[in-house]
Amino acid sequence: MADIFRRHGEVYRQVHDGRLGRVERRVMNAIELCRTAELGGHVEGCRSCGAIRIAYNSCRNRHCPKCQGQACRDWLSARQDELLPVPYFQVVFTIPAEIEAIAFQNKAVVYAILFTAAAETLRTIGADPKPLGADRSHRRAA
């Protein structure tokens with residue numbers, strides 16, 4: 001990801017100037033600089049063979065795949081144990097393009113409204129077997 005950001009990040013930031021916030025820009029910058037001379041480093045040496053290795057410091061950003069990759073894998077593994085033995089489905093809710101600018105400037109408010117509306121929609125559809133052709137009499141045994 002760092003190589004992609006280094007090659008294309010500046011153009012991406014220019015093209016999406018009005019849509020990238022301060023946080024997104026800081027994350028991209030941290031990933032670009034991760035384990036480079038820009039963040040400093042240290043020299044490691046082997047006393048036996050004399051081999052020397054320069055190790056650059058990491059950004060330690062929680063979004064960085066180099067820095068947080070293992071922590072992410074550990075977290076996902078722990079969550080696997082919490083899953084119920086049932087099929088899962090991803091449902092995507094989007095907002096109209098006309099609301100994007102408002103959502104970008106008022107994320108907490110707009111997304112709270114979106115999640116409330118999405119939850120109500122799922123409860124309504126889930127309670128009525130007709131829209132999805134669901135038949136509750138054919139449930140799978142767990």
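The model is predicted, so local features need pLDDT of at least 70 and side-chain atom pairs count only at pLDDT 80 or more, while totals for chains, interfaces and linings use all residues. Residues are numbered from 1 along each chain as its sequence is written, and side-chain values use heavy atoms, with hydrogens and water left out.

**Overall fold**

The chain holds 5 helices and 2 strands, where helices (H or I, at least four residues) and strands (E, at least two) are DSSP runs numbered from the N terminus. Their order along the sequence is α-α-β-β-α-α-α. The chain is more spread out than a compact globule, because its radius of gyration is 23 Å, well over the 14 Å that the globule rule gives for 142 residues; the radius is taken over C-alpha atoms, and the rule is 2.2 Å times the number of residues to the power 0.38. The C-alpha trace spans about 70 × 45 × 25 Å along its principal axes. Of the 142 residues, 15% are buried (buried is under 20% relative accessible area, exposed over 50%, partly exposed in between; 1.4 Å probe, protein chains only).

**Nonpolar core**

The largest nonpolar core has 9 residues: Ala2, Phe5, Leu20, Val27, Met28, Ile31, Cys34, Cys64 and Cys67. Such a core is a set of buried Ala, Val, Leu, Ile, Met, Phe, Trp, Tyr and Cys residues joined through side-chain atoms within 4.5 Å. Helices α1 (2-15) and α2 (22-33) each supply at least two residues of this core, and α2 gives the most, with 3 residues.

Leaving aside neighbours within four places in sequence, Cys67 is in contact (heavy atoms within 4.5 Å) with Cys34, Arg35, Ser58, Cys59, Arg60 and Asn61. Most residues other than glycine have a negative phi. Arg35 has a positive phi of about 55°, and the phi of Arg60 is also positive, near 60°. Arg35 counts as partly exposed, whereas Arg60 is exposed.

| Residue | Loop | Relative accessible area |
|---|---|---|
| Arg35 | between α2 and β1 | 41% |
| Arg60 | between β2 and α3 (65-80) | 69% |

**Surface patch**

Val43, Ile52, Ile54 and Tyr56 form a nonpolar patch on the surface. Strand β2 (residues 52-56) gives the most to this patch, with 3 residues. Val43 lies in strand β1 (residues 41-45) and, at 60% relative accessibility, counts as exposed.

Notes. Patch = residues over 30% accessible without salt bridge, like charges linked within 9 Å, V, L, I, M, F, W, Y side chains within 5 Å. Areas by Shrake-Rupley, 256 points an atom, 1.4 Å probe, with all protein chains shown as cover. Salt bridge = Lys/Arg side-chain N within 4 Å of Asp/Glu carboxyl O.
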